[in-house]
Amino acid sequence: MADDLTGPQLAAVRHRISNASPDLTDPQVSVGAVVADLAVELDGAVLDAASLANLDRDLEHGPGMSDASVAERRALVALVCWLVLDPAVRSDPGIQEAAQARGGLSAWMLGLVATIPRQLSGLRPVGRWVEDDSAREELARAFLGAAGVLPAGESPSVANDRWLAVSTAYQRELLTAMAQEAARAEALAKALAEARAKEAAAHYVPS
Amino acid sequence: MSGAHAAKVDDPAVLADLGTRWLAAWPLALAAWGPTTRLHAPVLHDRPCHEGSFAWFRVDEVEVHIDLPEVLRHGVEDHPVAVLAHELGHHLLAPGDPLGSVRIAARIKVGLGSRDNLVGLVSNLWSDMLINDRLQRQAGVDMAAITKALGEPPKDSPLGLLVMRTYEILWALPRGFLTGEAPAPEGEAMLCARHIRAYARDPVAGAAGFAVLVRSLLDAAALEQADQPGAPTAGDGDVLTVGCAGDRSGDGTLPPGAASDTSLGAPAVHPALDPRVVGDIEQRAPADEAPDGRSADSGGQDRALSPAELHAVLVAIGRPTSLESVAMAWYREHASPYLVPFPVREPPVVADELLGGLTPWELGDDLGDIDWAGTVTASPVLVPGVTTVRREMLEDESSRPAPRPVDLDLYLDSSGSMPDPQRTAAPIALAGAVLALSALRAGARVQATTWSGPGQLVGTDGFTGDAEEVLRAVVAHIGGSTAFPVDLLARTHLGWEGAAPTAPGPTHIAVISDEGVDTMFRRSTKDGSELDDTAARSLESAAGGSLVLRLWPQSLPTVQHLAGDYDVYVVSTDDDLVPFARDFSRRTWGRAHGG
């Protein structure tokens with residue numbers, strides 16, 4: 001968000017996510033075809049072979065990748081396409097400007113479908129991104145961030161604060177650190193208590 | 001305070017106008033908690049009350065209090081709905097009632113460790129944060145505005161900064177809106193925000209985790225000073241600005257339910273290790289398991305707090321109380337599930353009815369109730385409802401003697417070998433409470449005597465129906481040598497030096513002791529000891545006798561041999577009390593009915 005472009009309202013994006021059809025997360029859906037169709041819809045671009053190959057590589061089984069993980073990535077790509085397809089998003093001046101800076105709507109969209117799954121995959125079960133309120137906010141903020149715009153009405157610092165508040169990855173990192181710190185403090189307190197008990201026992205003189 | 005403010009504070013007209021405006025806001029404050037919320041209007045004080053804040057709630061009296069001069073002094077006169085709704089939250093959400101207040105404080109105390117002087121402050125902060133978040137997010141009350149109006153926390157107050165930064169995160173406020181320029185503990189605030197949401201409707205369960213979280217941030221010296229009498233008040237910019245004065249109830253009694261609550265003694269879990277807080281943030285681990293394998297629930301480590309621990313909780317939140325009164329309430333509550341129906345000998349009921357006078361028979365009464373002889377005698381002309389009469393029938397109450405329950409003569413061993421029932425949960429004392437309260441429930445009178453060495457007696461000194469007096473004897477502790485008061489037993493059941501026995505009627509003798517019970521059957525002599533038959537003769541005069549003992553198994557045969565016709569019960573844990581109560585009920589009740 002180098003230029004601090006302002007995009008659509010966060011609430012509008014969240015609302016769009018909540019209206020996503022369950023079909024989008026159906027494993028039978030050919031996500032590659034959805035992306036290709038969307039590119040045509042956006043600016044009439046037909047994706048070249050290299051783009052399609054990249055897309056296929058992202059959406060297929062890689063080394064050590066589970067079926068669930070692949071399904072998650074496909075679902076996230078489908079949800080991103082659903083958001084991009086929203087006329088209110090596409091026509092937003094901030095989005096338009098951000099897309100122009102990245103070589104047009106299709107190129108901008110391809111960036112999104114590559115970035116979002118990498119960012120959010122493995123954080124929540126697929127259905128949660130639509131059903132859970134905090135998950136919708138996380139996806140909406142991740143989308144706007146990757147799109148290169150700020151939620152309407154938010155400054156960069158506020159947007160960053162709110163992102164950290166809902167980011168599962170950040171919270172996970174934070175909680176892990178705090179849990180380790182708490183465990184260390186507990187172990188230290190226990191050791192101190194034992195040391196005090198030993199010291200008291202050493203000073204005890206039977207009467 | 002500025003000169004203008006000082007003038008307003010002393011101006012009766014300004015205070016009267018302020019009172020009117022705040023009373024007008026009361027219905028809006030009630031509505032913030034739902035359309036069915038009802039509570040009488042707040043008490044508005046037009047003179048400073050020196051309660052440490054401009055508003056507080058009395059849980060015991062269920063009453064909101066507002067100190068109007070302090071309202072002006074703090075500059076919050078334009079936030080009546082926020083302040084009043086917040087105080088209502090102490091009634092409707094946290095702590096809710098005296099029991100909730102003690103339960104929250106008990107869990108906070110567990111989380112804070114040894115910092116008892118901060119229990120009141122942190123308890124109130126926890127309740128405040130739950131209430132404020134609920135009002136801001138769900139009721140649409142602008143708590144952010146009044147929090148802002150109260151001023152930023154001091155830069156050197158980690159707790160104040162934590163609270164304010166947590167509010168910023170919870171309410172999506174720009175960073176620094178409440179905290180100012182000072183760096184806030186970001187990680188802890190994030191975690192605190194999650195913790196508040198996780199326990200939004202369960203103030204007691206979340207209290208210990210909150211206390212653990214803030215413990216690491218406490219600047220003990222500054223906060224200890226803040227909690228001392230004469231400490232700076234809320235308007236002086238110290239950490240207390242983040243909350244109201246909270247519950248200012250002064251009653252030191254232990255609320256029913258606190259003593260037997262087994263969740264209060266569970267170990268505190270850091271929110272970062274609490275699955276309820278961490279939730280789906282966890283790395284897809286099983287939802288009920290924390291990173292180190294622990295769970296937020298106590299994993300079977302639940303326990304009720306001891307009398308001494310509960311006393312410490314009450315003292316920590318400034319309730320005037322004594323260890324003895326807490327212990328009495330503790331044993332009363334723990335005994336109640338085990339109370340036995342004490343034996344009652346019921347004579348046959350005499351059901352004769354006596355003829356009473358004539359009273360008017362009125363329209364609507366049963367036609368069969370008309371006394372025709374009386375009606376015709378009164379007037380030859382029959383006018384229903386005017387000349388008609390009916391005969392009253394009376395019961396002969398003098399022929400229905402009151403049931404005569406068996407009285408209880410209770411002896412509690414308080415020698416050095418017995419646990420102090422005021423410090424720890426003593427099953428032996430609990431057994432004594434079960435017996436005494438059972439007797440009193442049945443209408444019997446109780447003589448309770450706590451004994452230790454020769455001449456060391458504390459008790460009711462006679463038979464009484466006063467449960468408080470009896471429980472006071474049950475929880476007493478002497479801790480001396482061991483010498484059963486045989487003379488008192490003899491005076492009660494056999495008479496002494498020509499005087500009649502003091503027992504008023506059929507009496508059950510119960511002794512709570514351990515191996516020291518042998519002094520009941522042996523008398524010390526110059527050469528050692530010799531058997532004494534006073535206890536056996538007393539039993540012959542009594543309606544029964546029970547020895548409730550904490551014994552090593554190998555001592556039991558010897559004691560049973562000495563005890564003769566006394567029933568011997570061995571009680572060593574709370575688990576033994578249920579069979580004890582059951583056995584006592586069956587044997588004693590059966591004897592009463594079996595003759």
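**Exercise 1. Into which domains is chain B divided, and how far apart are the centres of domain 1 and domain 3?**

Step 1. Chain B has domain 1 (3–227), domain 2 (353–399) and domain 3 (404–594). These bounds come from an automatic or database domain assignment.

Step 2. Take the centres over C-alpha atoms: domain 1 and domain 3 of chain B are 52 Å apart.

Step 3. Turn to chain A. Its assignment gives domain 1 (10–166) and domain 2 (168–207). Their C-alpha centres are separated by 45 Å.

Before going on: this is a predicted model, in which local features need pLDDT of at least 70, side-chain atom pairs count only at pLDDT 80 or more, and totals for chains, interfaces and linings use all residues. Residues are numbered from 1 along each chain as its sequence is written, while chains are lettered from A and ligands numbered from 1 in the order in which they are written.

**Exercise 2. Describe the contact of chain B with chain A.**

Step 1. Count the residues. Chain B supplies 17 and chain A supplies 16. Contact requires C-beta atoms, placed from the backbone, within 7 Å.

Step 2. Find the top contributor on the chain B side. Helix H9 (residues 186–198) gives the most, with 3 residues. Helices (H or I, at least four residues) and strands (E, at least two) are DSSP runs, numbered from the N terminus.

Step 3. Sort the chain B side by class: 10 nonpolar, 4 polar and 3 charged residues. Nonpolar covers Ala, Val, Leu, Ile, Met, Phe, Trp, Tyr, Cys and Pro; charged covers Asp, Glu, Lys and Arg; the others, Gly among them, are polar.

Step 4. Note the predictor's scores for the complex: ipTM 0.80 and pTM 0.80.

**Exercise 3. Work out the order of the strands in the open sheet of chain B.**

Step 1. The 3 strands run S1-S3-S2, with mixed pairing. Pairing needs at least two DSSP bridges between strands.

Step 2. S1 (43–45) and S2 (55–58) of chain B are at the edges; each has a single partner strand, so one side of each lacks a neighbour in the sheet. The average twist from one strand to the next is 20°.

Step 3. S1(B) pairs with S3 (residues 63–67) of chain B in the parallel sense, over 3 bridges. B:His45 has B:Asp67 in S3(B) as its bridge partner.

**Exercise 4. Where in chain B is pLDDT under 50?**

Step 1. pLDDT is the predictor's confidence in each residue, from 0 to 100. Chain B averages 84, and 83% of the residues score at least 70.

Step 2. Residues 219–224 of chain B stay under 50. Residues 230–242 of chain B are also below 50.

Step 3. Where pLDDT is low, the predicted coordinates should not be read in detail.

Methods: Contact = placed C-beta atoms within 7 Å. Axes fitted to C-alpha atoms, helices over the stretch in contact; angles between N-to-C directions.
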